[in-house]
Each structure stands twice: as structure tokens, then as C-alpha cells.
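Thanks for coming. Please have a look at it first.

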Amino acid sequence: MIKILVIHGPNLDLLGEREPNVYGKDTLEGINSLLQKEAKKNDIELKTFQSNSEGDIVNCLGDNRKWAKGIIINPAAYTHTSVAIRDAVKALNIPTVEVHLSNIYAREEFRHKSLIAPVAVATISGFGKQSYVLALYGLLSLIKTL
Ligand code: DQA
């Protein structure tokens with residue numbers, strides 16, 4: 001079974017209530033269960049994690065370094081600020097896909113810069129919850145070639 005870790009950053013626990021015009025009406029629970037359904041179909045073991053704290057996200061990455069064969073991360077606001085998360089992703093050397101619900105390049109200028117993108121294998125931004133599903137399939141086909 002291929003093991004994939006999904007990390008959701010700050011304020012994504014509020015999905016469903018938070019700016020639904022930008023992030024959609026789905027809850028984080030709904031997105032996680034959609035991903036679990038896709039994982040089951042493809043013989044993937046999926047672990048999901050959400051935190052509002054940068055340190056907890058760095059710890060989660062480190063704690064799963066021997067477990068995960070691939071990582072999907074929506075670093076949320078930390079995308080634009082966190083050297084610590086970028087360094088952790090780089091240190092792990094596990095294929096990582098950066099995901100965003102919204103198209104960060106079509107929004108405010110401060111969202112145009114991602115510190116994570118240069119250390120990720122790919123970025124998917126703007127497809128709402130489908131960004132995560134596309135990341136899962138992309139990562140799966142990549143892992144199968146390794
Ligand atoms: C986000 C985009 C970020 O700029 C923002 O801070 C978020 C969510 C997205 O999924 O579109 O919290 O990562």
C-alpha cells in the first residue's frame with residue numbers, strides 16, 4: 001500500500017464557514033472523506049492532519065518522514081511566510097505536492113509568492129477541493145515511476 005500524508009494548514013479547519021465564495025462550501029471533513037474514498041479505490045493509505053500552528057506542521061512532517069511515500073500539503077497562509085515548513089519539506093526529500101483551493105496568482109499580490117513551490121514537485125492551485133484530488137492522482141503516478 002502506498003502511504004500518503006495530507007497536511008492542511010491554518011484556518012482550513014474553518015472551511016465551509018470561511019469565505020465560501022473563495023474557498024467553497026465544503027468542510028475539511030468533507031474534503032478528507034473525499035480523499036479517503038479516492039485513496040481506497042487506489043490502494044493508498046492516507047493520513048490527514050490539520051494544524052493552525054507552524055511548529056506542529058513541521059513536527060508532523062518530521063514524524064512521518066519514515067512513513068510517507070508522498071505528501072500533499074496546503075500550507076495555507078504559511079505558504080507565503082514559512083521558511084521552517086519549506087526547510088522541512090526540503091529536508092525530507094519525499095515527493096511533495098503543494099495544493100491551494102483558490103488560484104493564489106489571481107488574488108492579492110502577497111499571495112503570489114510561495115516559499116514552498118521551489119521545494120515541491122508540483123503545485124495545483126485554483127480547482128477548489130478538486131485540487132487535492134488532482135494532487136493525489138499526480139502524486140500516485142509519480143510514486144509509481146520511482
Ligand atoms: C490557500 C491560499 C492562501 O493564500 C490562504 O492563506 C489560505 C488558503 C488556498 O487553499 O487557497 O489560507 O492556501
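This is a predicted model: local features need pLDDT of at least 70, side-chain atom pairs count only at pLDDT 80 or more; totals for chains, interfaces and linings use all residues.

The shell around the ligand divides into 5 nonpolar, 4 polar and 3 charged residues. Residues are numbered from 1 along each chain as its sequence is written, and side-chain values use heavy atoms, with hydrogens and water left out.

Now the members of that shell. They are Arg18, Tyr23, Asn74, Ala76, Ala77, His80, His100, Leu101, Ser102, Ile104, Arg107 and Arg111, where being around the ligand takes a heavy atom within 4 Å of it.

Which of them place a polar side-chain atom by a ligand oxygen? For His100, an N or O atom of the side chain is 2.8 Å from an oxygen of the ligand. Arg111 has a polar side-chain atom 2.9 Å from a ligand oxygen. Taken alone the ligand exposes 320 Å², and the protein buries 99% of that; these areas come from the Shrake-Rupley method with a 1.4 Å probe, and for residues only the protein chains shown count as cover.

Where does the ligand sit? It sits in the largest cavity. A cavity here is a set of points, on a 1 Å grid over the protein atoms alone, where a 1.4 Å probe fits but cannot get out. Sitting in it means that more than half of the molecule's atoms lie within 2 Å of its grid points.

Next, the backbone. Most residues other than glycine have a negative phi. Ala76, from the ligand shell, has a positive phi of about 50°. Ala76 is in the loop between β3 and α4 (83-92); helices (H or I, at least four residues) and strands (E, at least two) are DSSP runs, numbered from the N terminus. Is Ala76 buried or exposed? At 12% relative accessibility, Ala76 counts as buried, the classes being buried under 20%, exposed over 50% and partly exposed in between, with a 1.4 Å probe and protein chains only.

Asn11 also has a positive phi, about 75°, and is not a glycine. Asn11 belongs to the loop between β1 (2-8) and α1 (20-23) and is partly exposed, at 34%.

Two side-chain pairs within the protein follow. His8, in strand β1, is buried with 0% relative accessibility, and its side chain makes a polar contact of 2.8 Å with that of Asn32. A polar contact is a pair of N or O atoms within 3.5 Å; within protein, one must be able to donate a hydrogen and the other to accept it, and residues adjacent in sequence count only if both atoms are side-chain atoms. Ser51, in the loop between β2 (44-50) and α3 (54-63), is buried at 6%. The side chain of Ser51 makes a polar contact with the side chain of Asp56 at 3.4 Å.

Last, Gly70. This residue is in strand β3 (residues 70-74) and is buried, at 0%.

Definitions and conventions
On a 1 Å grid over the protein atoms alone, a cavity is a set of points where a 1.4 Å probe fits but cannot get out, and a pocket is an open set with protein on both sides within 12 Å along at least five of seven lines; lining residues have an atom within 4 Å of a point. Ala, Val, Leu, Ile, Met, Phe, Trp, Tyr, Cys and Pro count as nonpolar, Asp, Glu, Lys and Arg as charged, and the others, Gly among them, as polar.
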